[in-house]
Amino acid sequence: MGSITEPISNLEKGELKVSALTNKEMYHQHHHGRSAHNISVTSLRKKSDLALLSKVRWGCLGAVLANLQEVFLGTKLAVLFPAIPVAIVAQYRHFGSAWVFALSLLGLIPLAERVSFLTEQIAYYTGPTVGGLLNATCGNATELIIALLALRLEKITVVKCSLVGSVLSNLLLVLGSSLFCGGLFNLHKEQIFERKQADVNSGLLILGLLCLMLPLAFRYYAVASGIEALKPTLLLSRICSIVMLLAYVAFLFFQLKTHRQIFEAQEKDVEDDDDDDEDDNVNSEDEAVIGFPSAMVWLLGMTAVIALLSEYVVGTIEEASQYWGISVSFNSIILLPIVGNAAEHAGAIIFAFKNKLDITLGVSLGSATQVSMFVIPLTVVVAWIMGIQMDLDFKLLETTSLFVGVLVTVFTLQDGTSHYMKGLVLLLCYVAIGACFFVLKISPDQENFLHLGV
């Protein structure tokens with residue numbers, strides 16, 4: 001593990017020697033540190049065949065090649081990696097904003113999955129608590145990076161719409177399609193899930209919704225009363241953001257320490273899945289396949305590439321929207337979240353097919369809760385530090401859509417069972433909201449004007 005390029009593999013000698021822990025103990029210790037996000041995207045991974053590399057005579061070269069193979073070929077999404085260099089070429093050769101935007105979005109799909117893989121590898125070495133914290137904060141790294149880059153450019157419209165869209169996508173599109181497909185595939189089976197986990201996430205989503213509605217309601221009240229609204233709304237937003245961050249910290253302590261047993265159903269599901277599907281392509285190793293230093297370097301490198309592509313996305317979204325004849329709001333609310341979370345979305349649907357709804361709910365509700373209670377307030381706090389006046393007033397149309405999305409989701413999950421009709425209702429809600437922003441034909445300047453609270 002001393003070398004950055006050293007993989008944990010059998011290139012020349014025997015098996016990895018695990019001291020102080022048996023493989024079974026290592027398995028349970030590792031899986032206690034995993035989030036539903038990490039569990040979900042494992043369905044898109046595949047084992048790398050190192051047979052040819054084991055014949056490489058020079059150990060250092062073989063180690064480097066094995067490391068590259070694990071990182072780049074250990075996912076079924078590897079076919080999308082060529083979009084990354086093509087996007088960079090398109091940017092520097094001025095192929096057009098629409099091409100750069102589309103290629104950058106495609107390149108972000110495998111990168112998001114690989115970040116999840118690398119954080120899971122690091123969790124093997126850091127233990128369940130630190131690994132769980134790492135997974136909880138990196139689960140929506142793509143959305144956070146896009147939001148911060150858009151914030152640096154003071155594109156408040158893109159920031160707010162992309163974050164609202166991420167919550168709506170997880171609650172209505174991901175959960176809806178998972179329940180719908182899972183219900184049809186398991187038509188004669190009763191689909192049940194752990195209500196306690198859903199109740200905790202639902203409560204946090206309602207709290208986050210309240211913190212988003214208060215600045216909106218306060219601004220309308222202030223305007224109706226003839227009093228100054230901008231500064232008080234900004235102050236209220238910052239206070240609510242601190243409240244949301246405190247609630248999220250408490251949720252992490254609740255999830256990882258005091259009430260971990262509530263969330264262990266996900267771990268039991270994936271353990272059973274690994275036992276039942278030994279011939280599956282999912283990499284269910286009980287040990288790390290990449291060394292700790294190497295995983296850290298790869299994680300930093302992948303994050304840097306995500307930041308580069310996100311900068312391309314933010315910089316070209318307005319011109320691409322004009323080229324395609326659709327609003328920035330539609331691209332931000334509908335397109336960005338779908339592409340940014342494609343890997344975990346596919347994993348959630350796959351586990352719904354397998355009638356493992358606890359993992360599906362952990363992905364959809366967990367990601368929605370993380371964006372609502374961590375990413376959104378964090379952007380407000382960061383904007384505060386940067387001297388940018390970003391508040392939690394996400395405007396009437398966006399906030400109303402979010403309110404309906406949270407309300408329908410909470411009612412859908414209240415009885416602890418599922419069928420395809422529940423999923424269909426969620427999907428149709430998402431289609432209606434998407435249609436609303438699709439027909440919203442206003443210019444980027446008008447959108448920025450509206451979101452600045454003028």
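**Figure 1. Burial and surface of the predicted model.** Of the 454 residues of the protein, 54% count as buried, that is, under 20% relative accessible area with a 1.4 Å probe and protein chains only. The structure is a predicted model, in which local features need pLDDT of at least 70, side-chain atom pairs count only at pLDDT 80 or more, and totals for chains, interfaces and linings use all residues. Residues are numbered from 1 along each chain as its sequence is written, and side-chain values use heavy atoms, with hydrogens and water left out. The protein exposes about 19600 Å², of which carbon and sulfur atoms supply 66%; areas follow the Shrake-Rupley method with a 1.4 Å probe.

**Figure 2. Secondary structure and contacts.** The protein has 18 helices and two strands, taken as DSSP runs (H or I, at least four residues; E, at least two). Among contacts (heavy atoms within 4.5 Å) with a separation of 6 or more, 85% join residues 24 or more positions apart.

**Figure 3. The largest nonpolar core.** This core has 95 residues; such a core is a set of buried Ala, Val, Leu, Ile, Met, Phe, Trp, Tyr and Cys residues joined through side-chain atoms within 4.5 Å. Helix α8 (residues 156-185) contributes its largest share, 12 residues. Leu168, Leu171, Leu172, Met390 and Leu392 have the most contacts inside the core.

**Figure 4. Surroundings of Met390.** Not counting residues up to four places away in sequence, Met390 touches Leu151, Ile156, Val159, Lys160, Leu234, Thr379, Val380 and Ala383.

**Figure 5. Confidence along the chain.** The mean pLDDT (the predictor's confidence in each residue, from 0 to 100) is 78, and 75% of residues reach 70 or more. Over residues 1-5 the pLDDT is below 50, and this stretch has 14 contacts beyond near neighbours in sequence. Residues 277-285 also have pLDDT below 50, with 16 such contacts in the model.

Note on methods:
Buried means under 20% relative accessible area, exposed over 50%, partly exposed in between (1.4 Å probe, protein chains only).
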